[in-house]
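Here's a quick tour of a protein model, built for someone new to reading structures. Have a look at the picture first, then work through the points below.

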Amino acid sequence: MAEKASITIPAHLAPFLRPDAPYPEKMKVVSSGVAASPSERVTLLFVLCYDDNQEIKSAALSALKGLPLPLVTEIYASPDTYPRLKELLARIYPQAAVTAIQAAPKEPEKLPEEFEDEEDSAEEPEDESEEEPEEEPVAENEAYQSKYQLAQSMGVGDKIKMALTGDKEWRSLLIKDSNKLVNSAVVKNPRITEPEILAIAKSVIQNDEILRIICQNKEWIKNISIRKALVLNNKTPLPVALRFMGFLTEKDLQGMAKSKNISSVLANNARRVLAGKRKS
(Lines give C-alpha, C1' and ligand atoms only; values in the text may rest on other atoms or scores of the structure.)
Protein backbone atom coordinates (compact mmCIF):
# COMPACT_ATOMS: atom_id res chain seq x y z
CA MET A 1 0.00 0.00 0.00
CA ALA A 2 1.26 3.46 -0.87
CA GLU A 3 2.27 5.67 2.04
CA LYS A 4 0.10 8.64 2.88
CA ALA A 5 1.59 12.02 2.12
CA SER A 6 0.64 15.12 4.05
CA ILE A 7 0.72 18.72 2.94
CA THR A 8 1.07 21.67 5.29
CA ILE A 9 -1.89 24.02 5.56
CA PRO A 10 -1.89 26.96 8.03
CA ALA A 11 -4.54 26.59 10.72
CA HIS A 12 -6.48 29.71 9.74
CA LEU A 13 -6.82 28.44 6.15
CA ALA A 14 -7.68 24.81 6.86
CA PRO A 15 -11.45 25.49 7.26
CA PHE A 16 -11.65 26.47 3.59
CA LEU A 17 -10.57 22.96 2.62
CA ARG A 18 -12.68 20.82 4.91
CA PRO A 19 -15.06 18.43 3.08
CA ASP A 20 -18.05 20.08 4.75
CA ALA A 21 -16.90 23.64 3.99
CA PRO A 22 -19.65 25.60 2.18
CA TYR A 23 -19.27 26.08 -1.55
CA PRO A 24 -18.94 29.90 -1.26
CA GLU A 25 -16.10 29.51 1.23
CA LYS A 26 -14.13 27.25 -1.08
CA MET A 27 -14.73 29.56 -4.00
CA LYS A 28 -13.17 32.40 -1.99
CA VAL A 29 -9.85 30.62 -2.48
CA VAL A 30 -10.37 30.64 -6.24
CA SER A 31 -11.28 34.32 -6.30
CA SER A 32 -8.40 35.38 -3.99
CA GLY A 33 -10.89 36.20 -1.25
CA VAL A 34 -8.86 34.67 1.58
CA ALA A 35 -6.08 36.17 3.68
CA ALA A 36 -3.29 34.00 2.30
CA SER A 37 0.13 34.63 0.84
CA PRO A 38 0.53 33.90 -2.89
CA SER A 39 2.31 30.60 -2.21
CA GLU A 40 -0.31 29.59 0.37
CA ARG A 41 -3.09 30.31 -2.10
CA VAL A 42 -1.40 28.15 -4.74
CA THR A 43 -1.23 25.29 -2.24
CA LEU A 44 -4.92 25.77 -1.42
CA LEU A 45 -5.82 25.70 -5.11
CA PHE A 46 -3.83 22.50 -5.54
CA VAL A 47 -5.77 20.80 -2.74
CA LEU A 48 -9.08 22.00 -4.20
CA CYS A 49 -8.15 20.26 -7.44
CA TYR A 50 -9.08 17.09 -5.53
CA ASP A 51 -12.39 18.39 -4.19
CA ASP A 52 -15.50 16.23 -4.57
CA ASN A 53 -17.32 19.06 -6.33
CA GLN A 54 -16.43 19.04 -10.02
CA GLU A 55 -17.17 22.74 -10.40
CA ILE A 56 -14.76 23.60 -7.61
CA LYS A 57 -12.12 21.29 -9.07
CA SER A 58 -12.39 22.91 -12.48
CA ALA A 59 -12.35 26.43 -11.04
CA ALA A 60 -9.27 25.66 -8.92
CA LEU A 61 -7.41 24.21 -11.89
CA SER A 62 -8.33 27.20 -14.05
CA ALA A 63 -6.99 29.51 -11.34
CA LEU A 64 -3.72 27.56 -11.27
CA LYS A 65 -3.43 28.03 -15.02
CA GLY A 66 -3.71 31.80 -14.63
CA LEU A 67 -0.81 32.39 -12.25
CA PRO A 68 1.96 34.88 -13.09
CA LEU A 69 5.11 33.12 -14.32
CA PRO A 70 7.51 34.75 -11.80
CA LEU A 71 5.36 33.40 -8.96
CA VAL A 72 5.26 29.93 -10.47
CA THR A 73 9.05 29.92 -10.91
CA GLU A 74 9.55 31.03 -7.31
CA ILE A 75 7.21 28.36 -5.96
CA TYR A 76 8.70 25.63 -8.14
CA ALA A 77 12.21 26.54 -6.98
CA SER A 78 11.32 26.51 -3.28
CA PRO A 79 12.43 23.39 -1.37
CA ASP A 80 9.31 23.76 0.77
CA THR A 81 6.90 23.23 -2.11
CA TYR A 82 4.97 19.97 -2.02
CA PRO A 83 6.43 17.59 -4.68
CA ARG A 84 3.15 16.75 -6.40
CA LEU A 85 2.34 20.44 -6.65
CA LYS A 86 5.69 20.88 -8.41
CA GLU A 87 4.73 18.16 -10.86
CA LEU A 88 1.46 19.84 -11.72
CA LEU A 89 3.08 23.25 -12.12
CA ALA A 90 5.75 21.74 -14.39
CA ARG A 91 3.06 20.36 -16.69
CA ILE A 92 1.13 23.64 -16.82
CA TYR A 93 4.16 25.94 -16.93
CA PRO A 94 7.11 24.02 -18.46
CA GLN A 95 9.07 27.23 -19.10
CA ALA A 96 8.90 28.23 -15.42
CA ALA A 97 10.04 24.76 -14.42
CA VAL A 98 12.93 24.96 -16.87
CA THR A 99 14.01 28.31 -15.45
CA ALA A 100 13.88 26.99 -11.89
CA ILE A 101 15.79 23.81 -12.77
CA GLN A 102 18.54 25.74 -14.55
CA ALA A 103 18.94 28.08 -11.59
CA ALA A 104 19.02 25.26 -9.05
CA PRO A 105 22.25 23.77 -7.62
CA LYS A 106 23.59 20.76 -9.48
CA GLU A 107 22.69 18.51 -6.56
CA PRO A 108 19.42 19.86 -5.20
CA GLU A 109 18.46 19.06 -1.68
CA LYS A 110 16.14 16.07 -1.45
CA LEU A 111 12.61 16.84 -0.40
CA PRO A 112 11.19 15.00 2.63
CA GLU A 113 8.27 12.68 2.06
CA GLU A 114 6.06 14.54 4.51
CA PHE A 115 5.63 18.09 5.77
CA GLU A 116 4.29 18.25 9.30
CA ASP A 117 2.54 21.24 10.87
CA GLU A 118 1.74 21.41 14.56
CA GLU A 119 -1.30 23.59 14.00
CA ASP A 120 -3.12 21.73 11.25
CA SER A 121 -2.62 19.66 8.10
CA ALA A 122 -4.70 18.34 5.28
CA GLU A 123 -3.98 14.82 4.04
CA GLU A 124 -3.93 13.97 0.39
CA PRO A 125 -5.73 10.74 -0.54
CA GLU A 126 -3.66 7.60 -1.03
CA ASP A 127 -2.21 7.21 -4.52
CA GLU A 128 -4.19 4.01 -5.09
CA SER A 129 -7.57 5.70 -4.98
CA GLU A 130 -6.66 9.33 -5.65
CA GLU A 131 -8.71 11.20 -8.24
CA GLU A 132 -6.54 13.66 -10.11
CA PRO A 133 -7.59 16.85 -11.89
CA GLU A 134 -9.17 15.73 -15.14
CA GLU A 135 -7.98 18.62 -17.31
CA GLU A 136 -4.33 18.43 -16.22
CA PRO A 137 -3.40 15.09 -14.60
CA VAL A 138 -0.38 15.00 -12.31
CA ALA A 139 2.52 12.74 -13.31
CA GLU A 140 2.97 9.79 -10.94
CA ASN A 141 6.50 8.69 -10.27
CA GLU A 142 8.86 11.69 -10.34
CA ALA A 143 9.09 14.85 -8.29
CA TYR A 144 11.07 16.56 -11.01
CA GLN A 145 10.74 16.22 -14.75
CA SER A 146 13.90 15.73 -16.75
CA LYS A 147 14.69 18.13 -19.54
CA TYR A 148 13.58 15.51 -22.01
CA GLN A 149 10.23 15.14 -20.27
CA LEU A 150 9.83 18.90 -20.08
CA ALA A 151 10.53 19.17 -23.78
CA GLN A 152 7.70 16.75 -24.50
CA SER A 153 5.23 19.05 -22.79
CA MET A 154 6.57 22.28 -24.32
CA GLY A 155 4.94 24.00 -27.27
CA VAL A 156 6.90 24.99 -30.37
CA GLY A 157 7.25 28.58 -29.16
CA ASP A 158 8.76 27.53 -25.83
CA LYS A 159 11.08 25.07 -27.56
CA ILE A 160 12.33 27.80 -29.89
CA LYS A 161 13.00 30.11 -26.94
CA MET A 162 14.90 27.35 -25.15
CA ALA A 163 16.84 26.49 -28.32
CA LEU A 164 17.92 30.13 -28.57
CA THR A 165 18.89 30.52 -24.90
CA GLY A 166 19.36 27.08 -23.34
CA ASP A 167 22.53 25.39 -22.15
CA LYS A 168 24.49 22.63 -23.91
CA GLU A 169 22.11 19.89 -22.74
CA TRP A 170 19.13 21.75 -24.16
CA ARG A 171 20.98 22.40 -27.43
CA SER A 172 21.94 18.73 -27.74
CA LEU A 173 18.32 17.75 -27.14
CA LEU A 174 16.58 20.29 -29.36
CA ILE A 175 18.91 19.94 -32.36
CA LYS A 176 17.23 16.54 -32.77
CA ASP A 177 13.72 17.98 -32.61
CA SER A 178 11.58 17.11 -35.63
CA ASN A 179 10.38 20.70 -36.02
CA LYS A 180 12.73 22.61 -38.35
CA LEU A 181 12.02 25.94 -36.66
CA VAL A 182 13.18 24.45 -33.36
CA ASN A 183 16.32 22.62 -34.51
CA SER A 184 17.51 25.51 -36.70
CA ALA A 185 17.13 27.88 -33.73
CA VAL A 186 19.80 25.89 -31.88
CA VAL A 187 22.58 27.12 -34.20
CA LYS A 188 21.41 30.69 -33.58
CA ASN A 189 22.05 30.30 -29.84
CA PRO A 190 24.86 32.76 -28.97
CA ARG A 191 26.25 30.27 -26.42
CA ILE A 192 26.83 27.47 -28.92
CA THR A 193 30.48 26.44 -29.28
CA GLU A 194 32.61 25.48 -32.28
CA PRO A 195 32.92 21.83 -31.12
CA GLU A 196 29.11 21.66 -31.12
CA ILE A 197 28.97 23.18 -34.61
CA LEU A 198 31.57 20.67 -35.81
CA ALA A 199 29.50 17.79 -34.40
CA ILE A 200 26.38 19.15 -36.12
CA ALA A 201 28.22 19.59 -39.43
CA LYS A 202 29.38 15.96 -39.24
CA SER A 203 25.90 14.63 -38.45
CA VAL A 204 23.10 13.51 -40.73
CA ILE A 205 21.04 16.69 -41.01
CA GLN A 206 17.54 16.74 -42.45
CA ASN A 207 17.14 20.51 -42.22
CA ASP A 208 19.04 22.38 -44.95
CA GLU A 209 18.55 25.65 -43.07
CA ILE A 210 20.95 24.51 -40.35
CA LEU A 211 23.81 24.07 -42.82
CA ARG A 212 22.95 27.34 -44.54
CA ILE A 213 23.30 29.19 -41.22
CA ILE A 214 26.62 27.46 -40.47
CA CYS A 215 28.00 28.21 -43.93
CA GLN A 216 27.15 31.90 -43.58
CA ASN A 217 28.93 32.30 -40.23
CA LYS A 218 32.37 33.75 -41.03
CA GLU A 219 33.85 32.76 -37.67
CA TRP A 220 32.81 29.11 -37.87
CA ILE A 221 34.03 28.56 -41.41
CA LYS A 222 37.50 29.78 -40.42
CA ASN A 223 37.76 26.45 -38.60
CA ILE A 224 39.31 24.02 -41.11
CA SER A 225 37.65 21.03 -39.42
CA ILE A 226 34.21 22.61 -39.81
CA ARG A 227 34.89 23.42 -43.47
CA LYS A 228 35.98 19.84 -44.11
CA ALA A 229 32.87 18.50 -42.36
CA LEU A 230 30.69 20.77 -44.51
CA VAL A 231 32.37 19.59 -47.71
CA LEU A 232 31.77 15.96 -46.73
CA ASN A 233 28.15 16.57 -45.70
CA ASN A 234 25.85 15.66 -48.59
CA LYS A 235 23.33 18.30 -47.48
CA THR A 236 25.77 21.18 -47.99
CA PRO A 237 24.90 23.12 -51.17
CA LEU A 238 27.23 21.95 -53.94
CA PRO A 239 28.59 25.43 -54.85
CA VAL A 240 29.53 26.00 -51.20
CA ALA A 241 31.18 22.58 -50.87
CA LEU A 242 33.21 23.19 -54.04
CA ARG A 243 34.34 26.58 -52.74
CA PHE A 244 35.42 25.14 -49.38
CA MET A 245 37.42 22.39 -51.10
CA GLY A 246 40.00 25.01 -52.05
CA PHE A 247 40.99 25.27 -48.39
CA LEU A 248 41.46 21.55 -47.74
CA THR A 249 44.83 19.85 -47.38
CA GLU A 250 46.25 17.53 -50.02
CA LYS A 251 45.68 14.59 -47.68
CA ASP A 252 42.01 15.52 -47.34
CA LEU A 253 41.65 15.82 -51.11
CA GLN A 254 43.27 12.45 -51.64
CA GLY A 255 40.76 10.89 -49.31
CA MET A 256 37.87 12.58 -51.13
CA ALA A 257 39.18 11.51 -54.54
CA LYS A 258 38.89 7.87 -53.46
CA SER A 259 35.66 8.21 -51.46
CA LYS A 260 32.43 6.60 -52.59
CA ASN A 261 30.42 8.34 -49.86
CA ILE A 262 30.39 11.79 -51.42
CA SER A 263 28.99 13.30 -54.59
CA SER A 264 30.79 12.25 -57.78
CA VAL A 265 31.09 15.95 -58.61
CA LEU A 266 33.13 16.52 -55.44
CA ALA A 267 35.24 13.41 -55.98
CA ASN A 268 36.03 14.43 -59.55
CA ASN A 269 36.85 17.98 -58.45
CA ALA A 270 39.22 16.59 -55.81
CA ARG A 271 41.03 14.64 -58.54
CA ARG A 272 41.28 17.74 -60.74
CA VAL A 273 42.67 19.85 -57.89
CA LEU A 274 45.23 17.17 -57.07
CA ALA A 275 46.22 16.87 -60.72
CA GLY A 276 46.69 20.63 -60.93
CA LYS A 277 48.90 20.62 -57.83
CA ARG A 278 51.07 17.86 -59.26
CA LYS A 279 51.61 19.79 -62.49
CA SER A 280 52.59 22.89 -60.59
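The protein chain has 16 helices and two strands, where helices (H or I, at least four residues) and strands (E, at least two) are DSSP runs numbered from the N terminus. This is a predicted model, where local features need pLDDT of at least 70, side-chain atom pairs count only at pLDDT 80 or more, and totals for chains, interfaces and linings use all residues. Residues are numbered from 1 along each chain as its sequence is written, and side-chain values use heavy atoms, with hydrogens and water left out.

**The chain overall**
- Out of 280 residues in the protein chain, 44% count as buried (under 20% relative accessible area, with exposed over 50% and partly exposed in between, using a 1.4 Å probe and protein chains only).
- Take the contacts (heavy atoms within 4.5 Å) with a separation of 6 or more: 61% of them come from residues 24 or more positions apart.

**An enclosed helix**
- Helix H5 (residues 83-92) is largely enclosed by the rest of the structure, because nine of its 10 residues are buried.
- The buried residues in H5 include Pro83, Leu85, Leu88 and Ile92, but also Arg84, Lys86 and Glu87.

**H11 against H13**
- The axes (lines fitted to C-alpha atoms, for helices over the stretch in contact) of H11 (residues 194-202) and H13 (residues 224-232) come within 8 Å and cross at roughly 15°; angles run from 0 to 180 degrees between N-to-C directions.
- So H11 and H13 are roughly parallel (under 35 degrees; over 145 is roughly antiparallel, 65 to 115 roughly perpendicular and the rest oblique).
- On the H11 side, Glu194, Ile197, Leu198, Ala201 and Lys202 meet Ser225, Ile226, Ala229 and Leu230 in H13.
- Sorted by class, that H11 and H13 contact has six nonpolar, one polar and two charged residues (Ala, Val, Leu, Ile, Met, Phe, Trp, Tyr, Cys and Pro are nonpolar, Asp, Glu, Lys and Arg charged, and the others, Gly among them, polar).

**H13 against H14**
- H13 also packs on H14 (residues 238-245), at an angle of about 135° and with axes 9 Å apart, which means H13 is oblique to H14.
- Here Arg227, Leu230 and Val231 in H13 meet Ala241, Phe244 and Met245 in H14.

**Leu230 in the core**
- The largest nonpolar core has 77 residues, and Ile214 and Leu230 touch the most other members (such a core is a set of buried Ala, Val, Leu, Ile, Met, Phe, Trp, Tyr and Cys residues joined through side-chain atoms within 4.5 Å).
- Not counting residues up to four places away in sequence, Leu230 touches Ala201, Leu211, Ile214, Cys215, Ile221, Thr236 and Phe244.
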